[in-house]
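Here is a short report on one protein model. Look over the sequence and the fold, then read on.

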Amino acid sequence: FVSSRRRHTRSSLVSWARRCVQETELGQKTWKSKGRTIVRDDFAIQNAKGQKIQCSFYHFSKTGEANPCVIYMHGNASYRGEGAQYANEMVNNGLQLFVFDFIGCGMSDGDNISLGYYEKDDLAYVVEYLKKSGYVSKIILYGRSM
């Protein structure tokens, strides 16, 4: 199957026209909500192949306690800016938000996506990071499309 938007390679991976994150789409770096300071940290997590998974973590600043966190997984041919629009709603309801670009999407490394086959590994790296961070008490998965 070949279309103007995607092509299947010999390894059954898909290459999409990549959409990259604009800084303004991620929201403010810090703001106040219901008396709490919210911080957006942008960083990369490296996978076993040495590829960087680009992430944004919207978390409560200096609470001294772990809080629930929603990991938002963007849809096909999208990027973490898709989930950033939910940051205010999440923190207003006591939830932190973690968004990331799957490998081959947004600003993350890689050129192809596998429509979920390898993306589950990207998610596993994100979950491992959050578990070790000390910021998170519960993890809630919220995904779209893929």
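Among contacts between residues at least 6 apart in sequence, what percentage joins residues at least 24 apart? The figure for this protein is 66%. Keep in mind that this is a predicted model.

**Overall layout**

The protein has three helices and eight strands. Read from the N terminus, the order of elements is β-β-β-β-β-β-α-α-β-α-β. There are 146 residues, and 43% of them count as buried. The exposed surface comes to about 8100 Å². Carbon and sulfur atoms supply 48% of that surface.

**Nonpolar cores**

In soluble globular proteins, nonpolar side chains tend to be buried together. Here the largest nonpolar core holds 19 residues. The members that touch the most other members are C55, F57, I71, F98, F100, V126 and L130. Two or more residues each come from β4 (36-46), β5 (52-60), β6 (67-73), β7 (96-100) and α3 (119-133). The largest share, four residues, belongs to α3. A separate core has 14 residues, including W31, Y72, A87 and L97.

What does L130 contact, once its neighbours within four places in sequence are set aside? The partners are F57, C69, I71, F98, V136 and I139. L130 is also among the core members with the most contacts to other members.

**Two loop residues**

D101 and K34 both deserve a look. D101 sits in the loop between β7 and α3. K34 sits in the loop between β3 (30-33) and β4. Is each one buried or exposed? The table gives the values.

| Residue | Relative accessibility | Class |
|---|---|---|
| D101 | 0% | buried |
| K34 | 70% | exposed |

D101 counts as buried because its relative accessibility, 0%, falls under the 20% cut-off. K34 counts as exposed because its value, 70%, is over the 50% cut-off.

Each residue has one further detail. The D101 side chain reaches the backbone nitrogen of R80, at 2.6 Å. So which backbone feature marks K34? Its phi is near 50°, a positive value in a residue other than glycine.

**In brief**

L130 has contacts with F57, I71 and F98, among others.

Conventions. Residues are numbered from 1 along each chain as its sequence is written. This is a predicted model: local features need pLDDT of at least 70, side-chain atom pairs count only at pLDDT 80 or more; totals for chains, interfaces and linings use all residues. Side-chain values use heavy atoms; hydrogens and water are left out. A nonpolar core is a set of buried Ala, Val, Leu, Ile, Met, Phe, Trp, Tyr and Cys residues joined through side-chain atoms within 4.5 Å. Buried means under 20% relative accessible area, exposed over 50%, partly exposed in between (1.4 Å probe, protein chains only). Contact means heavy atoms within 4.5 Å. A polar contact is a pair of N or O atoms within 3.5 Å; within protein, one must be able to donate a hydrogen and the other to accept it, and residues adjacent in sequence count only if both atoms are side-chain atoms. Accessible areas come from the Shrake-Rupley method with a 1.4 Å probe; for residues, only the protein chains shown count as cover.
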